[in-house]
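Subject: Structure handover

Hello,

Here is the structure we spoke about, with notes on what turned up in it. Please keep it open while you read.

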Amino acid sequence: MVSHAGLRDSSMPDLHHKLLPRVSPKHAPNVLVLGGTTEAGALAQALAASSIRACYSYAGRVQTPRPQPLPTRVGGFGGVAGLVRYLANERITHLIDATHPFAARMSANAIVAARQAGVPLIALTRPAWTAQAGDRWQTVADMPSAVAALGGAPRRVLLALGRMHLAEFAAQPQHHYVLRLVDPPAAPIPLPDHHVVVDRGPFDVAGDLALLQRHRIELVVSKNAGGEGASAKLAAARQLGVPVLMVQRPILPARTEVHEVDAVLAWLGHGATLGVARGV
Ligand SMILES: NC(=O)c1ccc[n+]([C@@H]2O[C@H](COP(=O)([O-])OP(=O)(O)OC[C@H]3O[C@@H](n4cnc5c(N)ncnc54)[C@H](OP(=O)(O)O)[C@@H]3O)[C@@H](O)[C@H]2O)c1
């Protein structure tokens, strides 16, 4: 059985047939996966194992992207118009947005381009994290609000945000910032007092406990990314009683959204391959 528990639309039973594109053997899918996440990697494994024709797309943000078991392309498409062109030129039949929940521009572009190109779109996402007993979270709507919330006396802050937003925190220069980045910084960091840790997830709780203790972290700033790979810092903060400034996800226009690889395969008309992604 196919579970659609992850679908965002509560009227799912009525939409069921509309959401499943009918794919005859003559019209086998030719899929474009917008990637850059653990979930996209699991999907790539499942597509490859199911012999579904697909291409995996990276933005090109990190120096050495993880190899994928699919043909891979790297770099932006050139906005909505570029993506529409790409979908047509490559005769893409299905678009899967498996990007990070904070990759809002790519996701918004995908919604518009898919509509313009007449290509069905589904998003593979992970549920947001929710606070548990013992958590000391302060939730803020966006990055400017996170920066504003950092006013006051100097603290030792773990900025677990990647490199894209560092410049915004220059508005609060009084803190000692510990930055965890995938690659060594290519440009000077605009924060007067910082320490860079180069590391790539998934992270574990023991490692993140050690990180928080070693750097005497007093506050963790985190995006609400969801998923397993980056949640260790939250468990570590909970154990140590360290507060977390949690940045909410950007809000996107409505789209078909699932949380499981199996649901994407079913959407592609490959229900027979259900289970292929388990344990990936
Ligand atoms: N944001 C995060 O916190 C975060 C965390 C982990 C991984 N990632 C991954 O890193 C990538 C970039 O994230 P972002 O936040 O910079 O995205 P973004 O702000 O939404 O995207 C900016 C531009 O980068 C290009 N782009 C983004 N994702 C792409 C992809 N998968 N394939 C081809 N082009 C892509 C697009 O350029 P064009 O307009 O030219 O097409 C897009 O308009 C995404 O693939 C995302 O999954 C992001």
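I start with arginine 91, which counts as exposed because its relative accessibility is 69% (buried means under 20% relative accessible area, exposed over 50%, and partly exposed in between, with a 1.4 Å probe and protein chains only). Arginine 91 sits in the loop between H3 and E4, where helices (H or I, at least four residues) and strands (E, at least two) are DSSP runs numbered from the N terminus. Although arginine 91 is not a glycine, its phi is positive, at about 50 degrees.

Before going further: this is a predicted model, in which local features need pLDDT of at least 70 and side-chain atom pairs count only at pLDDT 80 or more, while totals for chains, interfaces and linings use all residues. Residues are numbered from 1 along each chain as its sequence is written, and side-chain values use heavy atoms, with hydrogens and water left out.

Backbone points

Most residues other than glycine have a negative phi, and most peptide bonds are trans. Serine 51 is in the loop between H2 and E2 and counts as exposed, because its relative accessibility is 66%. There is also a cis peptide bond, between glycine 201 and proline 202, with omega about 0 degrees. Proline 202 belongs to the loop between strand E9 (194–198) and H6.

Overall content

The protein chain has eight helices and 12 strands. Of its 280 residues, 47% count as buried. Among contacts in the chain with a separation of 6 or more, 63% are between residues 24 or more positions apart; contact means heavy atoms within 4.5 Å.

Asparagine 30

Asparagine 30 lies in strand E1. Is asparagine 30 buried or exposed? It is buried, with a relative accessible area of 8%. Leaving aside neighbours within four places in sequence, asparagine 30 is in contact with Arg53, Glu90, Arg91, Ile92, Thr93 and His94. Asparagine 30 and leucine 268 are 238 residues apart in sequence, yet their C-alpha atoms are 9.8 Å apart in space.

Nonpolar cores

A nonpolar core here is a set of buried Ala, Val, Leu, Ile, Met, Phe, Trp, Tyr and Cys residues joined through side-chain atoms within 4.5 Å. Which residues touch the most other members of the largest core? Out of its 24 residues, they are Val31, Val33, Leu43, Leu47, Ile96, Val264 and Leu268. Strand E1 (30–34), helix H2 (38–49), strand E2 (53–58), strand E5 (121–124) and helix H8 (261–267) each give two or more residues to this core. H2 supplies the largest share, six residues. Valine 33, neighbours within four places in sequence left aside, is in contact with Ala40, Leu43, Leu47, Cys55, Tyr56, Ser57, Ile96 and Ala98. Another core, of 20 residues, lies apart from this one and includes Met143, Leu159, Leu161 and Leu191.

Helix pairs

Two packed helices are described by the angle between their axes and the distance between the axes. Axes are lines fitted to C-alpha atoms, for helices over the stretch in contact, and angles run from 0 to 180 degrees between N-to-C directions.

The axes of helix H3 (residues 79–89) and helix H4 (residues 104–117) come within 9 Å and cross at roughly 50 degrees. H3 is therefore oblique to H4 (angles under 35 degrees count as roughly parallel, over 145 as roughly antiparallel, 65 to 115 as roughly perpendicular and the rest as oblique). On the H3 side, Gly79, Val80, Leu83, Val84 and Leu87 meet Met106, Asn109, Ala110, Val112, Ala113, Ala114, Gln116 and Ala117 in H4. The buried residues of H3 are Gly82, Leu83, Val84, Tyr86 and Leu87, and they pack against E1, E2, strand E3 (72–74), strand E4 (94–97) and H4.

The axes of helix H6 (residues 205–214) and helix H7 (residues 232–240) come within 8 Å, crossing at roughly 60 degrees. That makes H6 oblique to H7. In this pair, Val205, Asp208, Leu209, Leu212 and Gln213 of H6 meet Ala232, Lys233, Ala235, Ala236, Ala237, Gln239 and Leu240 of H7.

Regards
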